[in-house]
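Here are my notes on this model. Please read them with the structure open.

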Amino acid sequence: MVGEALAPFRDKVVIASKFDFDLESSEGGLNSRQEHIKKVVESSLKRLKTDRIDLYYQHRVDPNVPIEEVAGAIKDLIKEGKVLHFGLSEASAKTIRRAHAVQPVTAIQSEYSFMERDPEQDGVLKTCEKLGIGFVLWGPVGMGYLTGEINAHTNFDSKTDLRAESKNSPPFKV
């Protein structure tokens, strides 16, 4: 539906999408192997009815695949014109620097709000500033906590809402 809606003015919009979760595997989980990235970008292009994804984010850093391999796979897709820019979500400053050395990173997405200040403390914001990488925050109103709509009686479904998870469970930074 998104591809059809954007088709009439595709060149006037920026499409950002993410890869990483293996939705076809019975195990699920992360999969940032080069062959998987290439497979899912083709699927995304087909679904979005476009020839390119303007900003392609790794949804979560896969601890089983060196970030240099991920950045290399994206670099190949950029050379092919299928992806224009590379982004990372919830990456540490060290991981950002390692990825950026292989393929320039355009954007970092991390949780950041009045309640979550880690990017100030863990070097992510400083790394982005030093390398000229844009910073895209998620959860700017504390994943809804700062809206005034959540109270002590609010229940979160653990199957569909990450707010039901403890602070120590994923998403995590690698």
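Which residue just after H2 takes a positive phi? Lys49 does, at about 50 degrees.

1. Basis. This is a predicted model: local features need pLDDT of at least 70, side-chain atom pairs count only at pLDDT 80 or more, and totals for chains, interfaces and linings use all residues. Numbering runs from 1 along each chain as its sequence is written, and side-chain values use heavy atoms, without hydrogens and water.

2. Helix H2. Residues 34-48 form H2, which has 15 residues. Helices are DSSP runs (H or I, at least four residues) and strands likewise (E, at least two), numbered from the N terminus. From first C-alpha to last, H2 reaches 21 Å, close to the 21 Å expected at 1.5 Å a residue.

3. His36, Ile37, Val40, Val41, Ser44, Leu45 and Leu48 are its buried residues (buried: under 20% relative accessible area; exposed: over 50%; 1.4 Å probe, protein chains only). They cover an arc of only 165 degrees around the axis, so they sit on the same side of H2. The arc is taken from the directions from helix axis to C-beta atoms. Glu35 and Lys46, on the other side, are exposed.

4. Packing of H2. Its buried residues pack against H1 (2-6), E1 (16-19), E2 (53-58), H3 (67-79) and E3 (83-89).

5. Leu88. Leaving aside neighbours within four places in sequence, Leu88 is in contact (heavy atoms within 4.5 Å) with residues including Tyr57, Ile67, Ile96 and Ile108.

6. Glu111. This residue lies in strand E4 (residues 105-111). Glu111 counts as buried because its relative accessibility is 15%. Its C-alpha is 7.3 Å from that of Glu90, 21 residues apart along the chain.

How values were computed:
The expected span of a helix is 1.5 Å times one less than its number of residues.
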